[in-house]
Amino acid sequence: MPELPEVETVRRGLVPVLEGQRLARVEQRRPDLRFPLPERMAERLTGRRIVRLDRRAKYLLIHLDDGMVLLIHLGMSGRMMVSQGRPQIVSPHDHVVFETEAGSVVTFNDTRRFGMMDLVSQNALHAHKALEALGPEPLSDEFDAATLDQALARKITPIKAALLDQRVVAGLGNIYVCEALWAARISPRRVAASVAGVRAARLVPEIKAVLRRAIEAGGSSLRDHVQVNGELGYFQHSWSVYDREGEPCRTPGCRGTVRRLVQSGRSTFFCPVCQR
């Protein structure tokens, strides 16, 4: 599933195409994705001007000139593909098409249909069920060691599971938690509450650094993620620990070997020597 860097990469790619543009045509080719699409969605979007594009955690937020916000989650396989003019070949998985007055076309393609779209009043956005319980944005000033300390207090779950809890910090997923814990030299098996203090002070900047590097690389392409121009992300070529089971640890001077374990049904990659 796309994580924060992949969604932010998509947002940045859509800004020059959609921001400030009026939607001349919106085509909805099915009634639902993971959930039913908003009633009369295409009709309500047609003619609206897009004021700005934001991101909250793993959600795209398209603010419209009537005070509504189109909330989009890419699910497991969702893609936002940009073209000039309508594509000659239409995929059966092209579910929603947005065409601007300038002639740009953005197609939402979702093979597995785990994505979602909703139309929400801007005034009620913070209370939407998908957003109301989210923790701080990891790249914001709001997310610091003190905030993390408070969120982890009395948590006896492993720190890996705690960081995947969207109420602790928003937008982190499996890949970038593994990478950040390795960079901070913290074991994914360590009890979350014990990360407070010095370890949290190491971890927070590493989370921010890993996410920023991933965004600059266009995210990580595993199965489905591509940028809006169809190019793959490249951060998977820079992974330090994720998916490197059996390979030497890249920490200078460390003689450890990357191991894999399963936590909460997900693969965790770490070095048992330098991550404590």
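Trainee: Leaving aside neighbours within four places in sequence, which residues is Asn 174 in contact with?
Mentor: With that exclusion, Asn 174 touches Glu 3, Lys 160, Leu 164, Tyr 242, Arg 266 and Ser 267. Keep in mind that this is a predicted model.

Trainee: Is Asn 174 buried or exposed?
Mentor: Buried: the relative accessible area of Asn 174 is 11%, and the cut-off for buried is under 20%.

Trainee: What does the side chain of Asn 174 reach?
Mentor: The backbone oxygen of Ser 267, at 2.9 Å.

Trainee: And which helix does Asn 174 lie in?
Mentor: Helix H5, which covers residues 174–184.

Trainee: How many residues of H5 are buried?
Mentor: Eleven of its eleven, so the helix is mostly covered. Among them are Tyr 176, Cys 178, Glu 179 and Trp 182.

Trainee: What follows H5?
Mentor: Arg 185, and its phi is positive, near 60°.

Trainee: Let's switch to H1 and H6. At what angle do they pack?
Mentor: About 45°, with the axes 9 Å apart. H1 is residues 4–18 and H6 is residues 198–216. The two helices are therefore oblique to each other.

Trainee: Is the crossing of H1 and H6 left-handed or right-handed?
Mentor: H1 passes H6 in a right-handed crossing.

Trainee: Which residues make that contact?
Mentor: From H1, Leu 4, Pro 5, Glu 8, Thr 9 and Arg 12; from H6, Leu 211, Ala 214, Ile 215 and Glu 216. By class, the contact between H1 and H6 has five nonpolar, one polar and three charged residues.

Trainee: New topic: where is Gln 263 found?
Mentor: In strand E9, residues 259–263. Gln 263 is buried, with a relative accessible area of 11%.

Trainee: What is Gln 263 in contact with, again leaving aside neighbours within four places in sequence?
Mentor: Pro 158, Lys 160, Pro 188, Arg 189 and Thr 268. With Thr 268 there is a side-chain to side-chain polar contact of 2.7 Å.

Trainee: How many residues apart in sequence are Gln 263 and Pro 188?
Mentor: They are 75 residues apart in sequence, and their C-alpha atoms are 9.0 Å apart in space.

Trainee: Thanks, that helps!

Conventions. Residues numbered from 1 in each chain as written. Predicted model: local features only at pLDDT ≥ 70, side-chain atom pairs only at ≥ 80, totals over all residues. Heavy atoms only, no water. Axes fitted to C-alpha atoms, helices over the stretch in contact; angles between N-to-C directions. Helix = DSSP H or I, 4+ residues; strand = E, 2+ residues; numbered from the N terminus. Parallel < 35°, antiparallel > 145°, perpendicular 65-115°, else oblique. Left-handed = near helix turned anticlockwise from the far one by under 90°. Contact = heavy atoms within 4.5 Å. Nonpolar A, V, L, I, M, F, W, Y, C, P; charged D, E, K, R; others polar. Buried < 20%, exposed > 50% of the residue type's maximum accessible area, 1.4 Å probe, protein only. Polar contact = N/O pair within 3.5 Å; in protein donor to acceptor, adjacent residues only side chain to side chain.
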